[in-house]
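Please report on the ligand site and on one helix pair in this structure.

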Amino acid sequence: MSPRTATTAVAVHPLLAERWSPRSFDAAHTLGDEELVSLLEAARWAPSAFNAQPWRFLVGRRGDPTYRRVLDSLIPFNQEWARTSSLLVAALAEERADNGVPLHGAAYDTGLAVSQLVLQAHALGLHGHQMSGFDAEVLHGSLGVPGGYRALSVVAVGALAPADLLPPRLRERETAARERRPVAETFFGPTWGTPLPAGP
Ligand SMILES: Cc1cc2nc3c(=O)[nH]c(=O)nc-3n(C[C@H](O)[C@H](O)[C@H](O)COP(=O)(O)O)c2cc1C
């Protein structure tokens, strides 16, 4: 078991327990065509309210113009480490249905699709790291995003590299303990704030 594995009261699926968001990606790794398609299929088959599938993705592999443009839209902190990932995927949500009705669940649904992509990356022995630190206006402008769509996140995917390849301040974060709010403060039973009687 890796020291990055989640500590849980009872076992959860290894895909969930062992997923984590690294910043040290192998700059020599390239993503195979089949791997790429499997990531995209994992996202495409996510559930969504009314099966509206409000998500769209802009997908760039390291070395291609889309990757460069998505990378350029990231805040400097994220650019520093994300530039060695093999793939950058910008996730966008459609804001309205064809009949003009606002798709209130679009962000929720798009997050689910991204989560599936990230877990599929892990199933392939890769890692994903989601980011909200990017400039949506820059991304929309450089990649020709039409009105009615909103970029919500960018995901870096790649092969894990040793933490000591990172600059010191990022290295510290890479190896810091992973933490979560306790179960009793997260899941409530009879009323708000009351821990579940059967909880751990
Ligand atoms: C929507 C979203 C936005 C995030 N934005 C950033 C970001 O801009 N930069 C970054 O380094 N990490 C970002 N993260 C990664 C989180 O910091 C990370 O998921 C969290 O600390 C939990 O760590 P874990 O994924 O290893 O469990 C983001 C994660 C999510 C889900």
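This is a predicted model: local features need pLDDT of at least 70, side-chain atom pairs count only at pLDDT 80 or more; totals for chains, interfaces and linings use all residues.

Residues are numbered from 1 along each chain as its sequence is written, and side-chain values use heavy atoms, with hydrogens and water left out.

The ligand is surrounded by 14 residues (a heavy atom within 4 Å). S21, R23, H129, R178 and R180 are the closest. At least two residues of this shell come from each of α4 (76–82) and β3 (127–131); helices (H or I, at least four residues) and strands (E, at least two) are DSSP runs numbered from the N terminus. The shell comprises four nonpolar, six polar and four charged residues, where Asp, Glu, Lys and Arg count as charged, Ala, Val, Leu, Ile, Met, Phe, Trp, Tyr, Cys and Pro as nonpolar, and the others, Gly among them, as polar.

| Residue, N or O atom | Ligand atom | Distance |
|---|---|---|
| R19, side chain | oxygen | 2.9 Å |
| Q130, backbone | nitrogen | 3.0 Å |
| S132, backbone | nitrogen | 2.9 Å |

The protein buries 63% of the 620 Å² that the ligand exposes when taken alone (Shrake-Rupley method, 1.4 Å probe).

Helix α2 (residues 33–44) and helix α5 (residues 106–123) have axes that come within 7 Å and cross at roughly 145°; axes are lines fitted to C-alpha atoms over the stretch in contact, with angles from 0 to 180 degrees between N-to-C directions. S38, L39, A42 and A43 of α2 meet A113, Q116, L117, Q120 and A121 of α5 (heavy atoms within 4.5 Å). Of these contact residues, six are nonpolar, three are polar and none is charged.

Technical notes. A polar contact is a pair of N or O atoms within 3.5 Å; within protein, one must be able to donate a hydrogen and the other to accept it, and residues adjacent in sequence count only if both atoms are side-chain atoms.
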